[in-house]
Amino acid sequence: MEGTVNYEGSGDVFFAFYNGSEQLTEMPEKDNSDGIIFDYAECNNSASIKWNKEEWAPLVVNLNKTKTKCTLYFTSAKESICNNYGNSSLSCNIATKGETNKTTLAYDDTGDKNIRYIGKDVNNYIDIGDKETNDNKILWRIIGVMNNMTVINDDGSESTGQSLVKIIRADSIGRWSWDTSDRYLNTGSGVNEWSQADLMTTLNSGTYWNKKSGYCYNSSYNSQGACDFSSIGLTASVKDKISKVRWHTGTMSDEFESNKEKITASYMYQSERSDNHGRKFCNGETGCNDNVTRTTTWDGYIGLMYPSDYGYAVGGNDRISCLTISMNTWYESSCYKNDWLIDSIWDQWTLTPVPHNQRAYNEFQIYSGSNSYAGGNVQYCNGDASNAVRPVAYLKSSIKIKNSSESDYGSKNN
């Protein structure tokens, strides 16, 4: 507890626990089998609660009076997305063990027990308030609810163990380079470190973030092309809904070329959260002559999807099998045909660097469904390539999604 209390008799702080509307006799246990997570808390006497997910414990803040009561509310991950964050217009049939093609939500197999939208045709569109110049709505899509997130507060402090809704732009904002460089640095193909990448700057402090037109990187040797986000960039009201969080920028513990068969969704999820970086195996030749310090976390607002996001979005009758198959061979298995994150036309960027023994400028990309020999595969790509960019963000936990009529979304029918 933080604060002081004048002692008067026994018991100065009282706790009550609820799972939804049901009052509980005790607090739910950590990592319980029912997938119950902390939602929010309320205290009287001006006190408040900071929830520590790692310790699974409440910290009472600003405690300065006796007989203070704090009520802690818990919820299931399903209810978190379908009720608190969602509504009846969203598809909220959650998968049970063994179910495949008839479900639209499923827990992943990670220790974080995230819940995700899965399948080919998923009604997970969301309007967070942005409109194009012609007044058309700019839609996003919900990837799912991600647990154990670290939020960077306005005062610089951190709130750990948070559960946040993760969203992705429904459509690409154009085809741009992940990073590029002059011809003498990594052969002009960029540096695979997100914290200094050209695309990171565009999304978080440049033309897209500021809803302006200008120039964006689109080829090797620091080449640029005109980019105009004055219509589809972020407005102030939308930026206010986005949480600043800690993103994981780790990668495989093995060199990519000789370990392509390993990159399942589960393997990539663990790799993304590791201390491995994209220059780990590079031997100092011309393809990796940069001196940029590599990091494995980054604090910011707008990122990209992970390879694991793509992998865990697969649905269909073969979902269980697809989760055991390397995403580098999904074209052969047709797993990508039941994944809503695939783009039918353009290859897409992900956030994750690729460890390669001769290159320090590769990142993971997702081949388009139209690729005739590797459609839907997860593969490496030079950072200077022009791939489709779909911004990804986490909504603040205070944001609620209200019902809208289907007609509000036009042809999307959401």
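Guide: A disulfide is counted here when two cysteine sulfur atoms lie within 2.5 Å of each other. Such a link is a covalent bond between the sulfur atoms of two cysteines. The model is a predicted one, and by that cut-off it has 4 disulfides.

Take the pair Cys282 and Cys288, with an S to S distance of 2.1 Å. That distance falls within the cut-off of 2.5 Å, so the pair counts as a disulfide. The torsion about its S-S bond is about -110°, so this disulfide is left-handed. Cys282 and Cys288 are both buried.

Next comes the link between Cys43 and Cys70, where the S to S distance is 2.1 Å. With 115° about the S-S bond, the link of Cys43 and Cys70 is right-handed. Cys43 belongs to strand β4 (residues 36-43) and Cys70 to strand β7 (residues 68-76), so the pair ties together parts that are 27 residues apart in sequence. Cys70 has a relative accessibility of 0%. Buried means under 20%, so Cys70 counts as buried.

Cys216 and Cys227 form another disulfide, with their sulfur atoms 2.1 Å apart. The torsion about the S-S bond of Cys216 and Cys227 is about 75°, so this disulfide is right-handed. The pair links distant parts of the chain, 11 residues apart: Cys216 sits in strand β14 (residues 213-219) and Cys227 in strand β15 (residues 223-228). Both ends fall under the 20% limit for buried: Cys216 has a relative accessible area of 2%, and Cys227 stands at 3%. Cys381, at 11% relative accessibility, is buried as well.

β12 gives the most, with 7 residues. The space in the largest pocket is about 880 Å³. It is lined by 36 residues, and the closest to its centre are Val151, Asn153, Ser159, Gln162 and Ser397. By class, the lining has 14 nonpolar, 14 polar and 8 charged residues.

Note on methods. Residues numbered from 1 in each chain as written. Predicted model: local features only at pLDDT ≥ 70, side-chain atom pairs only at ≥ 80, totals over all residues. Heavy atoms only, no water. Helix = DSSP H or I, 4+ residues; strand = E, 2+ residues; numbered from the N terminus. Buried < 20%, exposed > 50% of the residue type's maximum accessible area, 1.4 Å probe, protein only. 1 Å grid on protein atoms, 1.4 Å probe; cavity = no way out; pocket = protein on both sides within 12 Å on 5 of 7 lines; lining within 4 Å. Points joined across faces, edges and corners; volume = space filled by probe spheres on them. Nonpolar A, V, L, I, M, F, W, Y, C, P; charged D, E, K, R; others polar.
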